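Trainee: Could we go through this model together? I would like to begin with a single position and then turn to the overall fold.

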Amino acid sequence: MSLSQLSVYRRDKQSRSLITLAGEIDLDTAPLVSATLRECLYGGVRSIDVDLTAVTFCDMSGLNAFLHASAEATTAGGGLLLHHPPSELGRILTLTGCTFLLSVPPARRTEDTPAQRQSATLPAGTR
(Lines give C-alpha, C1' and ligand atoms only; values in the text may rest on other atoms or scores of the structure.)
Protein backbone atom coordinates (compact mmCIF):
# COMPACT_ATOMS: atom_id res chain seq x y z
CA MET A 1 0.00 0.00 0.00
CA SER A 2 1.42 3.39 -0.95
CA LEU A 3 0.59 6.50 0.98
CA SER A 4 -0.65 9.55 -0.88
CA GLN A 5 1.62 12.53 -0.81
CA LEU A 6 0.64 16.16 -1.09
CA SER A 7 2.77 19.27 -0.79
CA VAL A 8 1.11 22.55 0.15
CA TYR A 9 2.59 26.00 -0.44
CA ARG A 10 0.91 29.21 0.67
CA ARG A 11 1.61 32.80 -0.29
CA ASP A 12 -0.47 35.65 1.15
CA LYS A 13 -0.86 39.17 -0.11
CA GLN A 14 -3.18 41.30 2.01
CA SER A 15 -6.57 39.54 2.07
CA ARG A 16 -5.73 37.16 -0.79
CA SER A 17 -3.93 33.80 -0.70
CA LEU A 18 -2.41 31.63 -3.37
CA ILE A 19 -2.36 27.98 -2.37
CA THR A 20 -0.24 25.76 -4.60
CA LEU A 21 -0.84 22.03 -4.26
CA ALA A 22 1.41 19.30 -5.65
CA GLY A 23 0.67 15.58 -5.56
CA GLU A 24 -2.54 13.66 -4.90
CA ILE A 25 -5.70 14.87 -3.21
CA ASP A 26 -7.67 11.95 -1.86
CA LEU A 27 -9.23 10.64 1.33
CA ASP A 28 -5.85 10.70 3.07
CA THR A 29 -4.76 14.20 2.00
CA ALA A 30 -8.07 16.09 1.72
CA PRO A 31 -8.00 16.93 5.46
CA LEU A 32 -4.70 18.78 4.86
CA VAL A 33 -6.34 20.73 2.03
CA SER A 34 -9.33 21.56 4.26
CA ALA A 35 -7.10 22.64 7.14
CA THR A 36 -5.00 24.87 4.87
CA LEU A 37 -8.05 26.57 3.38
CA ARG A 38 -9.66 26.96 6.80
CA GLU A 39 -6.46 28.57 8.16
CA CYS A 40 -6.62 31.12 5.35
CA LEU A 41 -10.20 32.04 6.12
CA TYR A 42 -9.73 32.16 9.89
CA GLY A 43 -6.66 34.34 9.33
CA GLY A 44 -8.68 37.02 7.53
CA VAL A 45 -8.05 35.95 3.94
CA ARG A 46 -11.18 36.43 1.83
CA SER A 47 -10.05 35.44 -1.67
CA ILE A 48 -8.29 32.13 -2.19
CA ASP A 49 -6.70 31.02 -5.45
CA VAL A 50 -5.76 27.35 -5.60
CA ASP A 51 -3.16 26.37 -8.20
CA LEU A 52 -3.64 22.72 -9.14
CA THR A 53 -1.04 22.59 -11.92
CA ALA A 54 1.08 20.00 -10.08
CA VAL A 55 -1.84 17.91 -8.79
CA THR A 56 -1.78 14.45 -10.34
CA PHE A 57 -5.06 13.18 -8.88
CA CYS A 58 -8.11 14.57 -7.07
CA ASP A 59 -11.13 12.58 -6.00
CA MET A 60 -14.50 13.54 -4.50
CA SER A 61 -13.00 14.09 -1.05
CA GLY A 62 -10.87 16.85 -2.57
CA LEU A 63 -13.90 18.32 -4.31
CA ASN A 64 -15.75 18.32 -0.99
CA ALA A 65 -12.87 20.22 0.64
CA PHE A 66 -13.01 22.84 -2.13
CA LEU A 67 -16.81 23.14 -1.97
CA HIS A 68 -16.83 23.57 1.79
CA ALA A 69 -14.07 26.21 1.67
CA SER A 70 -15.85 27.99 -1.19
CA ALA A 71 -19.06 28.19 0.86
CA GLU A 72 -17.17 29.52 3.88
CA ALA A 73 -15.31 32.08 1.75
CA THR A 74 -18.55 33.24 0.14
CA THR A 75 -20.20 33.61 3.57
CA ALA A 76 -17.21 35.73 4.64
CA GLY A 77 -17.63 37.97 1.59
CA GLY A 78 -14.89 36.42 -0.53
CA GLY A 79 -14.42 33.47 -2.83
CA LEU A 80 -12.35 30.50 -3.86
CA LEU A 81 -11.16 29.75 -7.39
CA LEU A 82 -9.41 26.68 -8.76
CA HIS A 83 -6.73 27.20 -11.40
CA HIS A 84 -5.40 24.54 -13.81
CA PRO A 85 -7.20 21.45 -12.44
CA PRO A 86 -6.17 18.01 -13.69
CA SER A 87 -8.44 16.75 -16.46
CA GLU A 88 -10.31 14.22 -14.31
CA LEU A 89 -11.14 16.92 -11.75
CA GLY A 90 -12.33 19.17 -14.58
CA ARG A 91 -14.68 16.40 -15.69
CA ILE A 92 -15.94 15.90 -12.13
CA LEU A 93 -16.57 19.63 -11.79
CA THR A 94 -18.51 19.67 -15.05
CA LEU A 95 -20.56 16.56 -14.23
CA THR A 96 -21.45 17.81 -10.76
CA GLY A 97 -22.30 21.36 -11.84
CA CYS A 98 -19.41 22.82 -9.87
CA THR A 99 -17.65 24.71 -12.65
CA PHE A 100 -18.31 27.93 -10.69
CA LEU A 101 -15.16 26.95 -8.77
CA LEU A 102 -13.00 27.29 -11.88
CA SER A 103 -11.07 30.45 -12.66
CA VAL A 104 -11.61 29.77 -16.35
CA PRO A 105 -14.82 27.94 -17.33
CA PRO A 106 -14.37 24.83 -19.47
CA ALA A 107 -14.24 25.52 -23.19
CA ARG A 108 -17.44 24.84 -25.05
CA ARG A 109 -17.26 22.59 -28.05
CA THR A 110 -17.67 24.64 -31.18
CA GLU A 111 -18.00 21.80 -33.64
CA ASP A 112 -21.30 19.99 -34.08
CA THR A 113 -21.74 16.46 -32.82
CA PRO A 114 -22.35 13.80 -35.51
CA ALA A 115 -26.06 13.66 -34.56
CA GLN A 116 -26.39 17.43 -34.97
CA ARG A 117 -24.66 17.33 -38.37
CA GLN A 118 -26.92 14.53 -39.57
CA SER A 119 -30.14 16.16 -38.42
CA ALA A 120 -29.05 19.48 -39.90
CA THR A 121 -28.69 17.90 -43.33
CA LEU A 122 -32.03 16.07 -43.39
CA PRO A 123 -34.70 17.76 -45.52
CA ALA A 124 -37.69 19.16 -43.69
CA GLY A 125 -40.46 16.64 -43.12
CA THR A 126 -38.12 13.62 -42.94
CA ARG A 127 -37.36 13.88 -39.23
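**A loop position, then the fold**

Mentor: A76 sits in the loop between α2 and β4; helices (H or I, at least four residues) and strands (E, at least two) are DSSP runs, numbered from the N terminus. This is a predicted model, in which local features need pLDDT of at least 70, side-chain atom pairs count only at pLDDT 80 or more, and totals for chains, interfaces and linings use all residues. Residues are numbered from 1 along each chain as its sequence is written, and side-chain values use heavy atoms, with hydrogens and water left out.

Trainee: What does A76 count as in terms of accessibility?

Mentor: A76 counts as partly exposed because its relative accessibility is 36%. Buried means under 20% relative accessible area, exposed over 50%, and partly exposed in between (1.4 Å probe, protein chains only).

Trainee: How far apart are the C-alpha atoms of A76 and S47?

Mentor: They are separated by 9.6 Å, while the two residues are 29 apart along the chain.

Trainee: Now the fold. How many helices and strands does the protein have?

Mentor: There are 4 helices and 4 strands, and along the sequence they follow the pattern β-β-α-β-α-β-α-α. Of the 127 residues, 31% are buried.

Trainee: How do β1 and β2 run?

Mentor: Strand β1 (residues 6–13) and strand β2 (residues 16–25) run antiparallel and are joined by 8 bridges; two strands pair if DSSP finds at least two bridges between them. K13 has R16 in β2 as its bridge partner. The hairpin has 2 residues between the strands, and Q14 there takes a positive phi near 55°.

Trainee: Next, L52. Is L52 buried or exposed?

Mentor: L52, which is found in strand β3, is buried, with a relative accessible area of 1%.

Trainee: Which residues does L52 touch?

Mentor: Not counting residues up to four places away in sequence, L52 touches L21, I25, F66, L82, H83, H84, P85, P86 and L89. Contact means heavy atoms within 4.5 Å. L52 and L21 are 31 residues apart in sequence, yet 5.7 Å apart in space, C-alpha to C-alpha.

Trainee: Since L89 came up, which residues of α3 are buried?

Mentor: In helix α3 (residues 87–95), the buried residues are L89, G90 and L93. Seen down the axis of α3, they fall within an arc of 105°, so they line one face of the helix; the arc is that of the directions from the helix axis to the C-beta atoms. S87, R91 and L95 are exposed on the other side of α3.

Trainee: And what do the buried residues of α3 pack against?

Mentor: They pack against β3 (47–58), α2 (60–75) and β4 (79–83). Just after α3, G97 takes a positive phi of about 75°.

Trainee: Last topic: how much space lies in the largest cavity?

Mentor: About 40 Å³. On a 1 Å grid over the protein atoms alone, a cavity is a set of points where a 1.4 Å probe fits but cannot get out, and lining residues have an atom within 4 Å of a point. Grid points are joined across faces, edges and corners, and a volume is the space filled by probe spheres set on the points. The count by this rule is 1 cavity of 30 Å³ or more.

Trainee: Which residues line the largest cavity?

Mentor: The lining consists of S34, L37, R38, L41, A65, H68, A69 and E72, and α1 (30–42) and α2 each supply at least two residues of that lining.

Key: 1 Å grid on protein atoms, 1.4 Å probe; cavity = no way out; pocket = protein on both sides within 12 Å on 5 of 7 lines; lining within 4 Å.
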